[in-house]
Structure formats: C-alpha cells, structure tokens
Amino acid sequence: MVLQEPEPNEPTVLEEVMSTAVFTVSGMSCGHCEKSISEEISSLPGVTEVSADAKAGTVTVASEQPLEDEAVRAAVDEAGYQLVGRA
C-alpha cells in the first residue's frame, strides 16, 4: 500500500472554529429565568450552546464565531434581564 501526499491545491479538512464566552447577568433567580435567557441568546446567529446559571449569575455561550457583546445584551434585554458584562 502506497500513501500519497495530497496535492497542494486539494482542499483540506478545516478545523471547526468555536468561541466560548461567559457573561454576567443580573436579575436571574430561578430556572424560568435561565430558560428565558437561554432561549433568547440561542436565537442569535451562530450560537451553538447556551448554559445559564441563576445561582452564579452567569451565562456561558458557545458559538461558531465570537459574538458582539451588543447582540448578547439585546437578547438578554429582550428576556427581561440586564447584561452586566463579560465575566
């Protein structure tokens, strides 16, 4: 068996680029709060996973590319809470 090196112009497998950010959110106190925020942030383009923690007051967001803070702020505002900033 002979292995051949790929030709220089052949496409290669690209690594999946992911970004994870943690935000501090004020006003969350329960599971309903976590769900509301998670649903709003999940609707942002490129978001792949959201984990809200009311006890810690944080939201962890995984996305295909880094998100603009203002887009996350708008989603959190829409859910009825306040984005304090990045944790």
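Which residue forms a salt bridge with Arg86? The partner of Arg86 is Asp69, and their closest N and O atoms lie 2.7 Å apart. This pair links distant parts of the chain, with Arg86 in strand 4 (residues 82-86) and Asp69 in helix 2 (residues 69-79), 17 residues apart.

The model is predicted, so local features need pLDDT of at least 70 and side-chain atom pairs count only at pLDDT 80 or more, while totals for chains, interfaces and linings use all residues. Residues are numbered from 1 along each chain as its sequence is written, and side-chain values use heavy atoms, with hydrogens and water left out.

A salt bridge is a side-chain nitrogen of Lys or Arg within 4 Å of a carboxyl oxygen of Asp or Glu. By this rule, the count is three salt bridges. Helices (H or I, at least four residues) and strands (E, at least two) are DSSP runs, numbered from the N terminus.

| Salt bridge | Closest N and O atoms |
|---|---|
| Arg86 and Asp69 | 2.7 Å |
| Arg73 and Glu70 | 3.4 Å |
| Glu39 and Lys35 | 3.7 Å |

Arg73 and Glu70 are three residues apart in helix 2, and are therefore separated by about one helical turn. Glu39 and Lys35 both belong to helix 1 (residues 31-42), where four residues, about one turn of the helix, separate them.

Arg86 is partly exposed at 44%, as is Asp69 at 28%. Arg73 is partly exposed at 26%, whereas Glu70 is exposed at 54%. Lys35 is exposed, with a relative accessibility of 52%.

Conventions:
Buried means under 20% relative accessible area, exposed over 50%, partly exposed in between (1.4 Å probe, protein chains only).
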